[in-house]
Amino acid sequence: MALVESADRDTNRELRARFDDVYGQYRRLRSGLDELQSRLAEFRITERSDDGQVTVVVGARGEIVSVDLHASVFHDRDARALSRKITTTVHRATAVAVAATQELVAGYLPAGSGSLDFLRTNDFGALLGRADAVMRGEERSA
């Protein structure tokens, strides 16, 4: 009986140590996510058209914050050209914002995270990859 109780105590100590480790990881991640949320709220990317006539500012998700037009854009009086210039500048700003946001967020997620893989690939399967493997019996929980 003493051997069983000793094994139970050892197992309990190991489980407690594992819990403390996982909880510590959670607290670090949670703390980092609060900081990340604040940084994303303040995040801005500014992009200018090749000729400098159009300036676009976007947020972390690529949402347009502002579009500024230099007075010289009105000299051409070519609405289609101006429209293309604005659209191209918005697309460039959005692409830069998406890439920069992915890099920023990646710094806060654990390596090998399905969320991190999703950010890089836009593959929804990456979000549930580990869970799918566990359900198929390919991976045992630690």
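Student: Why is D21 called partly exposed?

Tutor: In this predicted model, D21 has a relative accessible area of 35%. The term buried requires a value under 20%, and exposed requires one over 50%. The 35% of D21 falls in between, so the residue is partly exposed.

Student: What makes R18 and D21 a salt bridge?

Tutor: The closest N and O atoms of R18 and D21 are 3.3 Å apart. The cut-off for a salt bridge is 4 Å between a side-chain nitrogen of Lys or Arg and a carboxyl oxygen of Asp or Glu. The distance of 3.3 Å is within that cut-off, so the pair counts as a salt bridge. R18 counts as partly exposed, at 40% relative accessibility. The structure holds five salt bridges.

Student: Why are R18 and D21 separated by about one helical turn?

Tutor: Both residues belong to helix α1 (residues 2–42), where they are three residues apart, and therefore about one helical turn separates them.

Student: How do you know that E47, D50 and R92 are linked in a network?

Tutor: R92 forms a salt bridge with E47, with the closest N and O atoms 3.2 Å apart. This pair joins distant parts of the chain, since R92 is in helix α3 and E47 in strand β1, 45 residues apart. R92 also forms a salt bridge with D50, where the closest N and O atoms are 3.2 Å apart. D50 lies in the loop between β1 and β2, so its pairing with R92 ties together parts that are 42 residues apart in sequence. R92 takes part in both salt bridges, and therefore E47, D50 and R92 are linked in a network.

Student: Why is Q53 called buried?

Tutor: Q53 has a relative accessible area of 11%, which is under the 20% cut-off, so Q53 is buried. The residue is located in the loop between β1 (45–48) and β2.

Student: What makes the pair of Q53 and K85 a polar contact?

Tutor: The side chains of Q53 and K85 come to 2.4 Å. A polar contact requires N or O atoms within 3.5 Å, so this pair meets the distance cut-off. K85 is itself one of the buried residues of α3.

Student: How do you know that helix α3 reaches close to its expected span?

Tutor: Helix α3 (residues 79–106) has 28 residues, and its first and last C-alpha atoms are 40 Å apart. At 1.5 Å a residue, 40 Å is expected, and the helix is close to that value. At the start of α3, a side-chain oxygen of D78 reaches to within 3.3 Å of the backbone nitrogen of R80.

Student: What makes a set of residues here a nonpolar core?

Tutor: The members must be buried nonpolar residues joined through side-chain atoms within 4.5 Å. The largest such core has 18 residues, and those with the most contacts inside it include L36, F43, A97 and L104. The largest share of this core, seven residues, comes from α3. In soluble globular proteins, nonpolar side chains tend to be buried together.

Student: Why is the group of I64, V67, L69 and F74 called a patch on the surface?

Tutor: Members of a patch need over 30% relative accessible area. L69, for example, has 36%, so L69 passes that cut-off and is partly exposed. Together the four residues have about 350 Å² of accessible area. Strand β3 (residues 64–69) gives the largest share of the patch, three residues, and L69 lies in this strand.

Terms used. Residues are numbered from 1 along each chain as its sequence is written. This is a predicted model: local features need pLDDT of at least 70, side-chain atom pairs count only at pLDDT 80 or more; totals for chains, interfaces and linings use all residues. Side-chain values use heavy atoms; hydrogens and water are left out. Patches are made of residues with over 30% relative accessible area and no salt bridge: like charges are joined within 9 Å, nonpolar side chains (Val, Leu, Ile, Met, Phe, Trp, Tyr) within 5 Å. Accessible areas come from the Shrake-Rupley method with a 1.4 Å probe; for residues, only the protein chains shown count as cover. Helices (H or I, at least four residues) and strands (E, at least two) are DSSP runs, numbered from the N terminus. Buried means under 20% relative accessible area, exposed over 50%, partly exposed in between (1.4 Å probe, protein chains only). The expected span of a helix is 1.5 Å times one less than its number of residues. A polar contact is a pair of N or O atoms within 3.5 Å; within protein, one must be able to donate a hydrogen and the other to accept it, and residues adjacent in sequence count only if both atoms are side-chain atoms.
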